[in-house]
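Dear colleague,

Please find below the structure for your review. I would be grateful if you could read the notes after it alongside the coordinates.

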Amino acid sequence: MKMWKRILVLFLAPVFALSSFFSAFALESVEISPMSIVGQNTLLQMRSYLTTQYNNSSSNANISQNAGYLFALKAIAYAIAGTSYSTMDCSKLTYTALKEAYASKALQNYYIFGNTKLSSRQQYSVCVSNNLMITRSDLQTGDLIFWENPSTGVVNHVGIYFKYNGGDYVIESRSPGVVVTDWIWDNDEYKPKYYARINKALTATFKTGAPFREALGTQKVLYNCPPVLPTPPTYSGYTFTSWSPSITAGMRSNTTYTANYVDNNSIMRSAEKYN
């Protein structure tokens, strides 16, 4: 952010703090001025950029980045639409945008935040309990940024990070409504505290069991989502029976899936034994 903007924002901040309206939304209005908020024309350019990046990252190897661009696309749509804070607060924005992204990929049943809107503090707790926290240096488009109230030490604000033209931006909902701003790191008293990636990429490895033990390749899978199982190969004299472990829930760690087979001759011998 340019120096003149910083000086003006710092000058205006005490005025905002005295206003009863801004006091009601103390966190959302902290040191945000119209000069910090991205205008409509730039928002449209950002959406075009994110769309291009999303389309260019469609390979399975880029599954995490692809989901991140989709998160940002879903969220920036609310900024372009001028969605008000009363309609969508910070946690509703992140909850809704991310859920829409999962639904567009038919993965809504595996959305880590579930089917009930969670507060920013609850979203943070889910990320911590699922080991989804990252460092600031690891940030990529679509990651969540959490702010902590400096007085209480409690998480009470969240936004969606993205990179554009070499700059750091966040899509968030504050008192002006859903906005995009680069006013992230400049506030000495109120800076982001925690970072999380719910679209972490895991690796599913596939192979056949005894007696074949053939490698069937790997696949990148989003955290808490199921893999797309390959078609098990056919072997003369053997019948495929199952995959183990079975696909009963989404993946939460790197997992190896084994295709199990039974010898047809052993089936026939068992049948003869009981005849």
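Predicted model: local features only at pLDDT ≥ 70, side-chain atom pairs only at ≥ 80, totals over all residues.

Residues are numbered from 1 along each chain as its sequence is written, and side-chain values use heavy atoms, with hydrogens and water left out.

Overall composition

The protein has seven helices and ten strands; helices (H or I, at least four residues) and strands (E, at least two) are DSSP runs, numbered from the N terminus. Of its 275 residues, 44% are buried, where buried means under 20% relative accessible area, exposed means over 50%, and partly exposed lies in between (1.4 Å probe, protein chains only). The protein exposes about 13,800 Å², of which carbon and sulfur atoms supply 52%; these areas come from the Shrake-Rupley method with a 1.4 Å probe, and for residues only the protein chains shown count as cover. Among contacts (heavy atoms within 4.5 Å) with a separation of 6 or more, 59% are between residues 24 or more positions apart.

Aromatic residues

The structure holds 17 aromatic pairs. Rings of Phe, Tyr and Trp (its six-membered ring) pair if their centres lie within 6.5 Å; planes under 30 degrees apart count as stacked, over 60 as edge-to-face and the rest as tilted. One of these pairs is Y49 with Y164: the ring centres are 5.4 Å apart and the planes are at 75°, so the pair is edge-to-face. Because Y49 lies in helix α3 (residues 40-56) and Y164 in strand β3 (residues 155-164), this pair ties together parts that are 115 residues apart in sequence. Y49 is partly exposed at 26% relative accessibility, whereas Y164 is buried, with a relative accessible area of 10%. Y164 also forms an edge-to-face pair with Y169, at 6.2 Å centre to centre and 70° between the planes. Y169 counts as buried, at 16% relative accessibility.

Elsewhere, F206, F212, Y235, Y238, F240, W243, Y257 and Y261 form one aromatic cluster.

Strand β4 and its partners

Strand β4 covers residues 167-174, and seven of its eight residues are buried. On one side of the pairing scheme, β3 and β4 run antiparallel and are joined by five bridges; two strands pair if DSSP finds at least two bridges between them. The bridge partner of K163 is D168 in β4. β3 and β4 form a hairpin with two residues between the strands, in which N165 takes a positive phi near 50°.

β4 also pairs with strand β5 (residues 177-181), again in the antiparallel sense and over five bridges. V170 stands opposite T181 in β5, and the hairpin of β4 and β5 has two residues between the strands.

The charged end of R174 sits over the ring of W147, 5.8 Å from its centre; the criterion is NZ of Lys or CZ of Arg within 6 Å of the ring centre and within 35 degrees of the ring normal.

A residue in helix α4

A75 lies in helix α4 (residues 63-80) and is buried, at 0% relative accessibility. Not counting residues up to four places away in sequence, A75 touches L93, A97, I160, I171 and V178.

Yours sincerely
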